Amino acid sequence: MSTIKVSIVSSSEEIYSGEGTMVFATGSLGEIGIAPGHTPLLTGLAPGPVRVQNGDDEKTFFCSGGFIEIQPDLVTFLSDRAERAESMDEAEAIKSQELAEKNMQDKESELDYTKAAAQLAEAAARIKTIQKLRKNK
Amino acid sequence: MANTKEVRKQIASIKSTQKITSAMEMVAASKIKKTQNEMQLGRPYSEKIKEVISHIANSSSEYSHPFYEHRETKRACFLVVSSDKGLCGGLNINLFKQVISKSAELNAQGIESNFALIGLKAASFFKSVGGDVVANVQKLGDKPDPDALIGLTKTVLDLHRNGEIDQVYLCGNGFVNTMTQEPKVEQLIPLPAEEKDELTATHWDYIYEPEAQDLLEGLMTRYIESLIYHAVIENSACEQAAKMLAMKNATENAGDLIKELELLYNNVRQAAITQELSEIVGGAAAV
C-alpha cells in the first residue's frame, strides 16, 4: 500500500515522524482526510486530534493551533503545542476548561475575552481527543 | 610591611570568593547540558517550518509576501538577544560591539537604526549608550517561553508593516562549542530569496484554505517567531558555556592569588620571628 510521510512537530519538540496510509486532522475550515497523493494544500490547523493510520495501526495525537502543509508525498503539522494523546489527562483538560469558562464569565477586557475563548476551544478539543481515544479502545 | 593578621584576612576572603566561583562553574556546567538539549528539541520545528517556507517560495504563489520585498531602506531595526545575568565574560559586550559597528556602518549610508532588546544586559547597555529602543523583553529565565517573545515580535513586525522600518537584523550569539561562541548579526527581513529548485520548475501552487494572504501572513509570522526563539535558546546555551569558562578562569585566578598571598604571609611571619629573636639576643647581650 502506498504511504505518505507524516511529521508532527511542535515548537519545543518533535512529536511524530513516520509513514502513514491515511491521516485525519482538523483543519481551520473543518475535518480533512489526507491520503497519499493529495494535492498540495496549505491550511490552518485547529486544536483537535490528529489520527495517523498505518495499515491497521492507528496513533492519535493532540495538536493545538498551527499549520498543515500537504505535498503529494508528505504532510507536515506545525503545531504550537502538540502531545501524544495517550499522555493526556482528562481531569487536567476538564479543569482547564472550567477555568476558561470562569475567565470568560468575568471578562474584564476584550483581550482577556479572546484569550479565554481560545483557551476554551483548546480545552474542548483536548477532551474530544481523549473521548475519541477511549471509544477506539 | 603588612602584618600577618591582615594577610590572613585577605586569604580568607579570596578563599570564600573562590568557593562561590567554583560553585557557579558547576551550576553552569550542569545547565549547559539542559540548554543544549533544549536547542536540540527545538530544531525539528525550525527545520520543518523552513522546509515549508522554501516550498512556498518555490511554488508559483498567487501572493508575494512583504517580508521578501526589498524596499528602499531608511530605517533598520536591530533585534538584540542578550543574557539577563552577567558574569559570563565578554559574551554580551562582544555582541554589542558588533551591533554598534553594524549600526554605524548603516548610519554612514544614511540609514537610521532602532533597537528591540531581549535580556536585561542589552537593556542596560543601550540605556547607557543611548539608542532608540522600540521594544524590550527581559527576565526570560533559563527556560525561555516562546509566548514571552510574541509581544516583541509583533511590535517589530507591525513597525515593518507600517513602513517605519525597512530592514530587521537578528543579533545573537551562535553556539559553536562549549569553548567558542560567535556573535552574529544576520539579516532577518527582507528574507533572503530562496533558490528555485530545478525539480519544481513546473508551475504549481497550493490550494489555500482559507485565503492565501491570511494564511501566509500567519505562517510567516510564525517563521520569524521561530527564528527569534531559536536565537534566544542558542544565546542561553552560549551564556551558560561562557559563564562556565569565566567562572573556571576566576577560580584559577583566585588559586594563584591565594598562593602568592600565602608566600607573602610566610615571609611576614618569618620576618616577625626573626625580628623578635634578634631583639631577644640583643637584650641578652646587653645584660
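**Note on the predicted two-chain model**

1. β6(A) and β7(A) are antiparallel partners, joined by seven bridges. This is a predicted model. One pair to look up is Arg51(A), whose bridge partner in β7(A) is Thr60(A).

2. Next, the turn. Two residues separate β6(A) from β7(A) in this hairpin. Gly55(A) sits in that turn, and its phi is positive, at about 65°.

3. Domains of chain A. Eight residues of domain 1 are in contact with 10 residues of domain 2.

4. Overall make-up of chain A. The chain has 10 strands and two helices. Read from the N terminus, the order is β-β-β-β-β-β-β-β-β-β-α-α. Of the 137 residues in chain A, 34% are buried. Contacts were also split by sequence separation. Among those in chain A with a separation of 6 or more, 52% are between residues 24 or more positions apart.

5. The interface between the chains. Here 21 residues of chain A are in contact with 20 residues of chain B. On the chain B side, α1 (4-58), β6 (207-209) and α5 (212-286) each supply at least two residues. The most comes from α1(B), which gives eight residues. What classes make up the side of chain B that touches chain A? It has 14 nonpolar, three polar and three charged residues.

6. Strand β5 of chain A, residues 41-45, runs parallel to β6(B), and three bridges join the two. Which residue of β6(B) is the bridge partner of Thr43(A)? That partner is Glu209(B). β6(B) is also one of the elements that supply at least two residues to the side of chain B touching chain A.

7. Points to keep in view. Two strand pairings are described above. The pairing of β6(A) with β7(A) is antiparallel, over seven bridges. The pairing of β5 of chain A with β6(B) is parallel, over three bridges. For the contact between the chains, look at α1(B), which gives the most to its side.

How values were computed. Residues are numbered from 1 along each chain as its sequence is written. Chains are lettered from A and ligands numbered from 1 in the order in which they are written. This is a predicted model: local features need pLDDT of at least 70, side-chain atom pairs count only at pLDDT 80 or more; totals for chains, interfaces and linings use all residues. Two residues are in contact if their C-beta atoms, placed from the backbone, lie within 7 Å. Helices (H or I, at least four residues) and strands (E, at least two) are DSSP runs, numbered from the N terminus. Ala, Val, Leu, Ile, Met, Phe, Trp, Tyr, Cys and Pro count as nonpolar, Asp, Glu, Lys and Arg as charged, and the others, Gly among them, as polar. Two strands pair if DSSP finds at least two bridges between them. A residue is buried if 20 or more other C-beta atoms lie within 10 Å of its own, exposed if 12 or fewer, and partly exposed in between; C-beta atoms are placed from the backbone.
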